[in-house]
Amino acid sequence: AEFAHCPNLTIIDTPGFVLKAKKGEPENTPQEILSMVKSLASPPHRILLFLQQSSVEWCSSLWLDSIREIDPTFRRTVIVVSKFDNRLKEFSDRWEVDRYLSASGYLGETTRPFFVALPKDRSTVSNDEFRRQISQVDSEVLGHLHDGIKGGYDEEKFKPYIGFCSLREYLESELQKRYKEAAPATLALLEQRCSEVNIELERLDSKIQATSDVSHLRKSAMMHAASISNQVGVLIDGAADPAPEQWGKTTEEERSESGIGSWPGVTVDIKPANAILRLYGGAAFERVMHEFRCAAYSIECPPVSREKVANILLAHAGRGGGRGVAEAAAEIARTAARSWLAPLLDTACDRLAFVLGNLFDIAIERNRSRESEYGRKTGDMEGYVGFHAALRHAYNSIIKDLAKQCKQLVRHHLDSVTSPYSQVFYENDFHGSFGSSANSYFRHNQASAGSIWFELSDCGQVSHDERMRDQENIPPENNARQKTPGKGTEARDVHRESQMTVPETPSPDQPCDGVKVDVGPRKRIARIGNRNPEQLMKVHNGGSLLFGNGDCGSRSAYTEICSLAAQHFARIREVLVERSVTSTLNSGFLTPCRDRLVVELGLDLFAVNDEKFMDM
């Protein structure tokens, strides 16, 4: 109820208490009504008007206990008994009336209920007529108590509480009393609001004047940019404000909103830990890093055709040396790593940049909530739309530059670990990781000079009979240049120079472990001299020793190279992911955002002349 010449009055009429729900109503209706009444009656400034019919005895009033839970002493509760005219017919003596009117033992000595009755006529009447009827009913009730009850009643004690007019006067006086009690606090609140409005007017006035003050604008803009940078650092270190449920993103949302989609070359669906949680900041960054690891380890060395293996292996074999198989496998692994891991690294950088790019809006919201919470503003830049657009553009540019730099850094690490000069394949932990089979391959390929004798086609290279014939054509070593012992220094030198161990032509399914070869031009020429012309022609013309038509071996050189290449690829992937990329991306993205963001933003926004700055 609102009127220009009096304070406002709010009246809340709640549903009546019921013991059981009516037909068609939910079963919990009584509990819902009681809960609603308790909630609405809880504020201490509200007056409670408890209405109860006169037919209900005080001892059986169930809802008085509920009112006691809200207002234990009935200090702000007015109890009204309605339809009092119906109850009057039951009284004949004074003591009966006085006992009922006092509610002795049920409400306490200081609590007095009101007893009212309303006109029976329910037809529509004017306001004046309704007031007249109420007064008439009050007079009838008081006349009955005075004349119709033997001995009457205690008028001095109970008359102020009988009749609707008495209730109206009490409620009006109670409201007036409470309004007067609240007046000082209300006046203080109004003065406080006037003071706040005056302060806000002064602030706006100074802000209007500051629009032409370049130094003041620079100061405010710097403070605002520094505050945003600080909030970005806090979000990276870990924060839960603002609410992640509203501002965070799931893994699927990050993929779709960034436009990047799935990881290139990965056929399985990568589900990192906490993929369905809405995260932002440092938590989202670490989740992307974990997702990158899962994607990287899901990629195996792709299959290589025999032609590619043959081209790489025979090229290495032709250069001499004893590491043909190892170099061929390493080259295959390096090529596969550059082809398959490079797109993963670029995607990881783009995903991480998207996570950090989202922090700008979150930092703005966090800064706004902090300013409103603590009642202070670090650089009041509200309304400067151009500056906020420039700040956002500068932040996005910094994140893009960081992504570009990180791509170059991780590409450098990839080039380093896949370089022919990298020693990553020969580290001790690699041998321990892949077992004795790999060790035997390494020992063989580092020691054997006969690397050109490996089968690369589908079938075995040389039949058993032909291998036996080749063995027969090689004279025993002790028959080469027989000399009588003690013939002199020159003879012993010639004998020592020609004395060497040459590997036999290996079987495709039988690796040649532990073969000792002395490598050098003179020694190779000397050993070739021991072969017969037919065998030399086979070697020089690429005969059956190189590509034979025999049966397929159980484990050909091609299989061995593919297996070794897969091990090399796994080693490259492990070193790249665990040693290089993780620390590089953390230091390349997070360190600048935490430590140098405010400087980068300052250089971009404030290292300009006043004219360009004022254009913002």
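Predicted model: local features only at pLDDT ≥ 70, side-chain atom pairs only at ≥ 80, totals over all residues.
Searching the whole structure, I counted 29 salt bridges.

Next I looked up E331, which forms a salt bridge with R334, their closest N and O atoms lying 3.1 Å apart. The two residues are three positions apart in helix α13 (residues 324-374), so about one helical turn separates them. I noted that R334 is buried, with a relative accessible area of 3%, whereas E331 is partly exposed at 22%. E331 also forms a salt bridge with R338, where the closest N and O atoms are 3.8 Å apart, and R338 is partly exposed, with a relative accessible area of 34%.

I then turned to D361 and R392, whose salt bridge has its closest N and O atoms 2.7 Å apart. This pair links distant parts of the chain, since D361 sits in helix α13 and R392 in helix α14 (residues 385-417), 31 residues apart. For D361 I recorded a relative accessible area of 35%, which makes it partly exposed, and R392 is partly exposed with a relative accessible area of 35%.

Last, I looked at the strands, and found an open sheet of three in the order β1-β2-β3, with parallel pairing. Its edge strands, β1 (48-53) and β3 (114-115), each pair on one side only. Six bridges join β1 to the parallel strand β2 (residues 77-82), and F50 stands opposite I79 in β2. Helix α2 (residues 63-70) packs on the sheet and touches β1 and β2, its direction making about 170° with that of β1.

Definitions and conventions
Residues numbered from 1 in each chain as written. Heavy atoms only, no water. Pairing = 2+ DSSP bridges. Helix = DSSP H or I, 4+ residues; strand = E, 2+ residues; numbered from the N terminus. Contact = heavy atoms within 4.5 Å. Axes fitted to C-alpha atoms, helices over the stretch in contact; angles between N-to-C directions. Salt bridge = Lys/Arg side-chain N within 4 Å of Asp/Glu carboxyl O. Buried < 20%, exposed > 50% of the residue type's maximum accessible area, 1.4 Å probe, protein only.
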